[in-house]
Amino acid sequence: MRATIPSRGRSTDAGSSAPAYDGAVDHELPPVPPFDLSTPPRPDLQEPFDEPIPARRGRRTIAFLVVLALTIATLGGGVLAIERLTVPESDPSQHGFLGLRMDGSPIRWNPCEPIHYVINPSRAPTGSVDDVHEAVRRVSRATGIAFVYDGLSDEVPSRARLPLQRDRYGERWAPILIAWVDPERTDISFERDGHEAAAVASPSRPLTGEEIFVSGFIAMSLDDPNPPGFAWRGAQGPVLLHELGHVMGLAHVAGPGEIMEKSGGGVTDYGPGDLEGLRRLGREAGCLTTPVPV
Ligand SMILES: [Zn+2]
């Protein structure tokens, strides 16, 4: 089963033929705050003056700096408040699964063994590898499953990527491949609903059909580069969180407020339904038996 996420730049602009990521089509907040909200200037930590300054001027300087700091704090608080107001509400019931087993439980990984992953950053923007590690860390925290980074890979993802590749990865299930790829170099189609998707992902089951995930891939399109980081909705981090959700076994949900909404739900991190879905796919659901790779 293949899952997609349309370009973030288009998430509020369905039907347009705007470029893949373009601040001009982002109808929400400005993508970059005018200053770093987390570390406002600290006049109290300024370098000491070299020469004594008349007290009167010093008082004026301090008063000015206090007013400046208050102004910045007020503006910052305002921007944060707007950000909070624009995060859609949701609840833990907002999750779904890509597939169900015969007993009605979701198809998932064996949560009692570490999940291995490799990265092919190709010509990805600087910071992309760190973004992958951070996204994996969040999935690990939400599922209770350990992840192991096996290093870089030059594997190019393909539509029929085999879950067992002895020549490349040895006698074990192939690690999850997270790769940035030129759409010209793969048979994976990024075309979804008339849009060019930013990424495509899929978990893999054994070819023998057991109801368990043992491998998977995420293909990030080099034609649709998103800025690195997790700070805003159009960034690469939330795209990775969405695609990793699919690789773990989560399906799309209809409502906003969840990163598994097909366009990312207007959020930058997992929402309550995403987290509940990941919990149900994770350690708390109990161990499974990983099939022997054949
Ligand atoms: Zn998706």
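In this predicted model, helix 5, which covers residues 272-280, has as its buried residues Gly273, Asp274, Gly277 and Leu278. Seen down the axis of helix 5, these buried residues fall within an arc of 135°, so they line one face of the helix. An α-helix has 3.6 residues a turn, so residues three or four places apart point the same way. What covers the buried residues of helix 5 includes helix 2 (128-143) and helix 4.

Helix 4 itself spans residues 236-248, and its 13 residues reach 18 Å from the first C-alpha to the last, close to the 18 Å expected at 1.5 Å a residue. Helix 4 is followed by glycine 249, whose phi is positive, near 125°.

Between helix 4 and helix 5 there is a loop, and tyrosine 270 is found in it.

Proline 106 lies in the loop between helix 1 (55-86) and strand 2 (115-120), and proline 106 counts as buried because it has 20 C-beta neighbours inside 10 Å. When its neighbours within four places in sequence are set aside, proline 106 is in contact with Phe97, Leu100, Gly249, Arg280 and Leu281. The table gives C-alpha separations for both loop residues.

| Pair of residues | Separation along the chain | C-alpha to C-alpha distance |
|---|---|---|
| Proline 106 and isoleucine 212 | 106 residues | 9.2 Å |
| Tyrosine 270 and histidine 242 | 28 residues | 8.3 Å |

The next element is a strand. Seven of the seven residues of strand 7 (residues 215-221) are buried, so strand 7 is largely enclosed by the rest of the structure. In a regular strand the side chains alternate between the two faces of the sheet. In strand 7, Ser215, Phe217, Ala219 and Ser221 point one way, while Gly216, Ile218 and Met220 point the other way, and all are buried.

Which strands pair with strand 7? Strand 4 (residues 176-181) pairs with strand 7 in the parallel sense over five bridges, and within this pairing leucine 177 has phenylalanine 217 of strand 7 as its bridge partner. Strand 6 (residues 195-204) is joined to strand 7 by six bridges, and these two strands run antiparallel; here the bridge partner of serine 204 is serine 215.

Taken as a whole, the chain comes to five helices and seven strands, which follow the pattern β-α-β-α-β-α-β-β-β-β-α-α when read along the sequence. Of the 294 residues in the chain, buried residues make up 35%. Among contacts between residues at least 6 apart in sequence, 72% join residues at least 24 apart.

Confidence also has to be considered when reading the model. The chain averages a pLDDT of 79, and 71% of the residues score at least 70. Over residues 1-58, however, pLDDT stays under 50, although the model has 94 contacts beyond four places in sequence for these residues. Where pLDDT is low, the predicted coordinates should not be read in detail.

Definitions and conventions: Residues are numbered from 1 along each chain as its sequence is written. This is a predicted model: local features need pLDDT of at least 70, side-chain atom pairs count only at pLDDT 80 or more; totals for chains, interfaces and linings use all residues. Helices (H or I, at least four residues) and strands (E, at least two) are DSSP runs, numbered from the N terminus. A residue is buried if 20 or more other C-beta atoms lie within 10 Å of its own, exposed if 12 or fewer, and partly exposed in between; C-beta atoms are placed from the backbone. Two residues are in contact if their C-beta atoms, placed from the backbone, lie within 7 Å. The expected span of a helix is 1.5 Å times one less than its number of residues. pLDDT is the predictor's confidence in each residue, from 0 to 100. Two strands pair if DSSP finds at least two bridges between them. The arc is that of the directions from the helix axis to the C-beta atoms.
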